[in-house]
Amino acid sequence: MTRLGYVTIDTPDIAKARVFYAGLFGWTFDEAGSLSTYLHVAGSDPAFGIVRGEQKAYGNLYFRVENVHSACERVNALGGHAAIPAESASGLSVVVSDDQGVTFGLWQPATGY
């Protein structure tokens, strides 16, 4: 089976992305592995980073969170936008955008997922 090796999130402004995602998820960044146009997220699994570039159309990334409603409140407080979470058999999920309009998903898994 081929496993996902690395993911990047495109953003127009690296400095703003650093503040937003550190505030939302508590992410820290590997400064030795980062550049002015790229941030490597420290301790991520799978490994991923944030790169300066134009937004691209591709499948949604969903980040697993403990409480989707609290995460949505943090998104809004950080200048992003959160829609109303939807419930499904797999849990609560919502598509949100950061303060630069980059979209991604949040997922609070149901028991057993």
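Strand 5 (residues 81-82) pairs with strand 7 in the antiparallel sense, over two bridges. The model is predicted.

Strand 7 itself spans residues 91-97, and it is mostly covered, with five of its seven residues buried. Strand 7 also takes part in two hairpins, described in turn below.

The hairpin with strand 6 has two residues between the strands. Strand 6 covers residues 86-88 and runs antiparallel to strand 7, the two being joined by three bridges. Here Ser 88 is bridged to Gly 91 of strand 7.

On leaving strand 7, the chain can be followed to strand 8 (residues 103-109), which pairs with strand 7 in the antiparallel sense over seven bridges. Within this pairing, Val 95 has Gly 105 of strand 8 as its bridge partner. Strands 7 and 8 form a hairpin with five residues between them. In that turn lies Gly 101, with a positive phi of about 90°.

The aromatic side chains are the next topic. The structure holds eleven aromatic pairs. One of them is formed by Phe 20 and Tyr 21, whose rings are edge-to-face, at 5.1 Å centre to centre and with 80° between the planes. Phe 20 and Tyr 21 are both buried. They also belong to one aromatic cluster, together with Phe 25, Trp 27, Phe 48, Phe 63 and Phe 104. Phe 104 in this cluster falls within the residue range of strand 8, 103-109.

Key:
Residues numbered from 1 in each chain as written. Predicted model: local features only at pLDDT ≥ 70, side-chain atom pairs only at ≥ 80, totals over all residues. Heavy atoms only, no water. Buried < 20%, exposed > 50% of the residue type's maximum accessible area, 1.4 Å probe, protein only. Helix = DSSP H or I, 4+ residues; strand = E, 2+ residues; numbered from the N terminus. Pairing = 2+ DSSP bridges. Phe/Tyr/Trp six-rings, centres within 6.5 Å; stacked < 30°, edge-to-face > 60°.
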